[in-house]
Amino acid sequence: MNVAVAQMNTQSGALSETYERMLAYAERAKEQHAELIVYPAPSLTGLMSLTDATVEGFLDDLFATLKQLAENLPLPAVVPVAVTKDHEVLSEAMFLRQGHVTPLRLTAEIAHLSALARESVTEGDLSDEEDPGFDLPHFEWGDYTIGISFSCQDLDAWRDADQTADLMLYLNTSGYALSDVNTTMGLGLSDSRFSSDADELGAWVIGVNAVGLYGGHVSIGSSFVIAPDGECGICAKAFEEDLICVDIDSGSRSKEALSLPASEDTSAVGWKALKLGLFEFVKQGHFDGVAVLLDTSVSAQVTAALARSVFQASQIYISSVETQDQLEYDIAYARLAAYARENNLLVLTTENKSDWALGAGGMIAAGALHPLGDLYLSEILDFCESVPEVKAALSATVTYEVFDFKKKDELFSSFYEQAHFVDTVLSRTIELGKSFHEIVAKIGYEEAVADVLDALYGNGVTRQNRGSLLILLQCPLVDTELPLFTSWRDSQRKQTVEEDTSTLFDGLLASAEHAFMQAIPEQVEMPSPESLQEILDYLREFSGLEGAGVMFGMPKMWRGPFSEN
């Protein structure tokens with residue numbers, strides 16, 4: 001079987017334009033004798049944020065587009081869709097062929113409900129041993145079983161399940177993250193988990209990734225194919241569109257097989273992701289260029305270097321300022337913002353994540369972008385050391401921000417050591433969710449840790465309405481804020497209190513299982529939707545909602561005070 005991967009760069013929700021481009025990719029794949037084409041998860045939907053007021057209309061338009069594709073594509077296709085609702089990414093994969101649209105995840109979950117219902121009717125209450133378990137999303141095509149996964153957690157589920165697949169489609173729904181090698185796709189195959197996934201599953205693994213900017217998240221392409229023995233069959237280009245076709249033979253390696261490429265330098269990949277994200281932000285926002293207020297700080301000079309590496313000189317307006325007076329700086333910034341507004345330029349702020357977390361902040365132009373706002377100062381310093389075009393752009397008068405610890409004696413031997421300490425505290429708090437006690441137990445310096453966290457929580461009000469970000473880490477700062485003006489602060493724990501919570505959790509589990517069994521209808525038929533209306537009806541019925549609030553692929557299992565988790 002010949003499988004094609006269409007690595008596309010699209011704009012969220014541009015359904016008509018994307019429909020035409022998907023047809024064109026399918027025609028190209030057909031010319032290369034492809035029998036199945038797979039599209040990236042954000043192709044049609046991006047990471048659309050849906051509200052109860054918009055979900056119904058968007059899904060109607062989305063399914064109309066899917067129906068058109070099913071009727072007009074020259075070969076069968078897997079088209080993932082992904083939306084964000086209540087800060088959670090909801091994913092589904094649609095199998096399109098001969099005019100039919102089949103939601104694979106929903107079908108698998110309804111199959112599980114049906115099996116449970118039949119067993120409960122014929123056998124009475126199910127014991128744990130009798131539970132048939134969730135079906136993982138998959139479909140049969142020719143002699144092959146093709147599995148579907150959207151995340152590393154889904155891959156773990158396949159590795160732990162009794163189900164098997166000949167081919168696993170990894171439909172990546174997360175953008176690139178500087179600290180996660182798995183998000184680099186083909187660029188990080190030698191260090192990522194995908195080779196071991198292929199080996200343990202005994203299946204071909206095809207990683208399908210988009211390229212472009214989706215809701216602040218940057219996708220860098222580099223889709224890949226790995227043979228069951230863990231060897232790389234082929235990799236798509238990084239940072240640009242591509243179409244790859246691979247002849248899948250479950251008994252042998254591809255003729256195009258290559259050894260695993262060495263992973264690229266983290267800072268080099270991160271810098272290219274920044275460039276791609278900035279270019280796409282300006283293009284999708286219909287700006288004519290960018291404007292930067294340049295001072296001597298390292299973050300400002302790196303921001304200017306980023307702008308110069310992406311745009312022509314005629315598209316960049318840089319105003320230099322050399323003052324330590326905040327009022328004079330704000331006046332210069334206001335003039336820059338006014339000029340940008342009059343000339344349709346995007347204002348680039350120069351704060352990094354460490355600045356944003358700890359600093360008092362200043363003026364922010366409406367609609368400004370923080371290109372470095374999700375990167376810590378220590379990561380900016382890594383760019384300065386390892387990326388040639390950044391290193392060459394730094395002036396001789398570049399200055400480095402210094403955090404003011406309350407304890408005045410010398411804690412660190414150099415600015416770099418201090419920067420890495422501060423960022424370690426911030427990243428463990430923001431990205432990893434570690435408590436004050438856990439951080440101190442790991443790295444010590446209790447008073448210094450307290451200083452950093454006091455600044456983090458004390459500056460919450462200055463971080464309101466700070467503009468857009470290029471999201472390059474796992475957790476944006478705005479997602480971890482305490483309520484404004486909260487006076488409570490975490491502190492070192494002298495003694496950890498151990499409590500036996502098994503009784504509580506056992507009670508919750510029993511209550512949830514009872515509610516679940518009561519909610520299962522006596523007869524649940526396997527879906528065989530033949531129309532858009534039937535698909536929407538299934539989605540509404542199994543999400544437990546009427547009208548708005550549809551959550552495709554995540555049926556409501558019980559109604560009660562606790563979530564499906």
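The structure is a predicted model in which local features need pLDDT of at least 70 and side-chain atom pairs count only at pLDDT 80 or more, while totals for chains, interfaces and linings use all residues. Residues are numbered from 1 along each chain as its sequence is written, and side-chain values use heavy atoms, with hydrogens and water left out.

The protein chain contains 16 helices and 20 strands; these are DSSP runs numbered from the N terminus, with helices (H or I) of at least four residues and strands (E) of at least two. Of its 565 residues, 51% count as buried. Buried denotes under 20% relative accessible area, exposed over 50%, and partly exposed in between, for a 1.4 Å probe and protein chains only. A contact requires heavy atoms within 4.5 Å. Among contacts between residues at least 6 apart in sequence, 68% join residues at least 24 apart.

Helix α10 spans residues 377-386 and is mostly covered, with seven of its 10 residues buried. These buried residues are L377, S378, E379, I380, L381, F383 and C384. They pack against α6 (266-284), α7 (298-310), α9 (353-358), α11 (388-391) and α12 (415-430).

Two packed helices are described by the angle between their axes and the distance between the axes. For α6 and α10 the angle is about 105° and the axes are 9 Å apart. Axes are lines fitted to C-alpha atoms, for helices over the stretch in contact, and angles run from 0 to 180 degrees between N-to-C directions. The two helices α6 and α10 are therefore roughly perpendicular to each other, a class that covers 65 to 115 degrees, whereas angles under 35 count as roughly parallel, over 145 as roughly antiparallel and the rest as oblique. In this contact, S267, G270, W271 and L274 of α6 meet D382, F383 and S386 of α10. The residues of the contact divide into three nonpolar, three polar and one charged. Here Ala, Val, Leu, Ile, Met, Phe, Trp, Tyr, Cys and Pro count as nonpolar, Asp, Glu, Lys and Arg as charged, and the others, Gly among them, as polar.

A nonpolar core is a set of buried Ala, Val, Leu, Ile, Met, Phe, Trp, Tyr and Cys residues joined through side-chain atoms within 4.5 Å. The largest such core has 64 residues, and those with the most contacts inside it are L274, L278, V290, V302, L358 and L426. Its largest share, eight residues, comes from α6. Leaving aside neighbours within four places in sequence, L278 is in contact with V290, L306, A307, V310, F311, L348, L369 and L470. Another core, of 35 residues, lies apart from it and includes L15, Y19, A34 and L73.

Q301 lies in helix α7 and is buried, with a relative accessible area of 7%. Beyond its neighbours within four places in sequence, Q301 contacts L294, D295, T296, A393, L394, S395 and V398.

H33 is placed in the loop between α1 (15-31) and β2 (36-38) and is exposed at 64% relative accessibility. H286 is placed in the loop between α6 and β16 (289-294) and is exposed, with a relative accessible area of 61%.
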